[in-house]
Amino acid sequence: MSIKSLAAKIFAKRIAKQTAKWRDNPVATQEAVFHELVQKAKRTKFGLDHGFEHIKSHEDFKKKVPIRDYEALKPYVQEVVEGKEDILWPGKPIYFAKTSGTTSGAKYIPISDTSIKHQVNASRNAILNYINETGNADFVTGKMIFLQGSPELDEKNGIKLGRLSGISAHYVPNYLQKNRLPSWETNCIEDWETKVNTIVEETMNEDMTVIAGIPSWVQMYFEKLESKSGQKIGDLFKNFQLFIYGGVNYEPYRAKFEGLIGKKVDSIELFPASEGFFAYQDAQNEKGMLLLLNSGIFYEFVKADEFFDEDPERITIKDVELHVNYVMIISTDAGLWAYNLGDTIQFISLKPYKIIVSGRIKHFISAFGEHVIAKEVEEAMQLAVNETGARINEFTVAPQITPEGNQLPYHEWLVEFEQEPSDMAKFIEILDVSLQKQNSYYFDLIDGKILQTLKVTPIKEGGFNAYMKSIGKLGGQNKVQRLANDRKVADGLVSFRK
């Protein structure tokens, strides 16, 4: 065992003990975070506008601070962008994570010196937790790659801005710098296809042990490696041991990845966003991610099916239930207050608090009142793939409200297959029956002859990447929307159908 591996194991054990302290005292931990956030921000403009000085409890907070999304918080953010201090959080943020907005153009998410440290520590702790759980630390001596955005940052009124993954690149610890790929110059390449091709050249002869990124973009990297080398990834990188991913559900990609790799490797699921790092997978043989309760984030939850009511109930960690679809609301040490992240989650364990990401509150299909969410279509796809031997590269789902002729409307699944099922009718049946079992509204619509059985539209090889490129969102942290209540994505894929 190398000195670096031994040191990693010792450090991992220490972090595991620290994690256990807050994990085993979840409610007290969150109460402490809540009071600390309110206390620190009470002299900010937002704190003064919302009477933070008089907030002593969560009930007080709910009365004084309404739920906001970015659009509602934007007037405060704009003052921060203009360079003003003490607006949402004491002083100025040290970064803005710049993301693409829908109605507002670019979004500027503030990142404070404490919040970036929490982000970096959470990413580190996810790996250390894996080391402590498995005893495997050999990979720390090999090469590691993190497919991410450019680390080159712009500046606005004295505050640096860029993609979160690019900002994070500035915080890679010194002891990993020699192990880390790609090179700084390659990471700065903006064009994603050029960047991946260059990464292939830089890495294919290296001893890669850890690979991290959004599954769809790692898949592109693997396919290019296989094409150039003529080898499975596991043969090319004989010591490849750990795949780290986030952003989308890995399960629909798993069969494809194992085919590309040629063997099974351990994986760690992360739940990071520009607004904070919320959870990571803490057990190899258990589903779900440990919700991080001591990382400068106070969580509230609203049942998804009540979210658009006039006054939905906001609860804290102590009152959540298993297997309920919640919208996650956050208040952070970067100055986001009762902020609607847009993600929906479900708790699959309360001791400790472990979650799965079930979708986006705006990403669902309910054109006919069916309330279908991402988790349901992903589970249906996983079952169909497992039972038919199909392999997929990507898929999305949309309603077809006005089919040709006098047909009933239906859900259209646009799927790019790496290997089509031998029996497409069976594949479709498994998808449809699984969705009916998971979603009683969908069952009633099928049973009542309001909807017909879903239809699958095959997309040609490379079609999803070509579509993403056509809208300027190929690579980086961009990902295909899994499902939508309209046909914007589906209609954009028309020219890429088989």
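Which residues form one aromatic cluster? They are F34, F46, F52, F61, Y76, W89, F298 and W337. Before we go further, a word on the model: it is predicted, so local features need pLDDT of at least 70, side-chain atom pairs count only at pLDDT 80 or more, and totals for chains, interfaces and linings use all residues. Residues are numbered from 1 along each chain as its sequence is written, and side-chain values use heavy atoms, with hydrogens and water left out.

Let us stay with the rings for a moment. Searching the whole structure turns up 27 aromatic pairs. Here, rings of Phe, Tyr and Trp (its six-membered ring) pair if their centres lie within 6.5 Å; planes under 30 degrees apart are stacked, over 60 edge-to-face, and the rest tilted. One of the pairs is Y130 with F139, a tilted arrangement at 5.9 Å centre to centre and 50° between the planes. Another joins F301 and F347 edge-to-face, with 5.2 Å between centres and 75° between planes. Because F301 belongs to strand β12 (residues 297-303) and F347 to strand β14 (residues 339-350), this pair ties together parts that are 46 residues apart in sequence. Strands (E, at least two residues) and helices (H or I, at least four) are DSSP runs, numbered from the N terminus. F301 and F347 are both buried, where buried means under 20% relative accessible area, exposed over 50%, and partly exposed in between (1.4 Å probe, protein chains only).

Now for the sheet. It is open and has eleven strands in the order β6-β3-β7-β8-β9-β10-β11-β15-β14-β13-β12, with mixed pairing. Two strands count as paired if DSSP finds at least two bridges between them. At the edges stand β6 (180-181) and β12, each with a single partner strand, so one side of each lacks a neighbour in the sheet. Helix α2 (residues 26-40) packs on the sheet and touches β12, β13 and β15 (353-360), its direction making about 110° with that of β12. Contact means heavy atoms within 4.5 Å; axes are lines fitted to C-alpha atoms, for helices over the stretch in contact, and angles run from 0 to 180 degrees between N-to-C directions. Strand β13 (residues 326-332) pairs with β14 in the antiparallel sense over four bridges, and V327 stands opposite T344 in β14.

Follow the sheet to strand β8 (residues 242-246): five of its five residues are buried, so β8 is largely enclosed by the rest of the structure. On one side lie L242, I244 and G246, on the other F243 and Y245. Strand β7 (residues 208-212) runs parallel to β8, joined by three bridges, with V210 opposite L242. β8 also pairs with strand β9 (residues 266-273), again parallel, over five bridges, and G246 faces L270 there. From β8 the chain crosses through helix α13 (residues 251-261) to β9 in a right-handed β-α-β crossover (with the strands pointing away from the viewer, the path from the first strand over the helix to the second runs clockwise).

Finally, some backbone details in the loops. Most residues other than glycine have a negative phi, and most peptide bonds are trans. The bond from K351 to P352 is cis, with omega near 0°, and P352 sits in the loop between β14 and β15. H323, in the loop between β12 and β13, has a positive phi of about 60° and counts as exposed at 55% relative accessibility. A338, in the loop between β13 and β14, has a phi near 45°, yet counts as buried at 0% relative accessibility.
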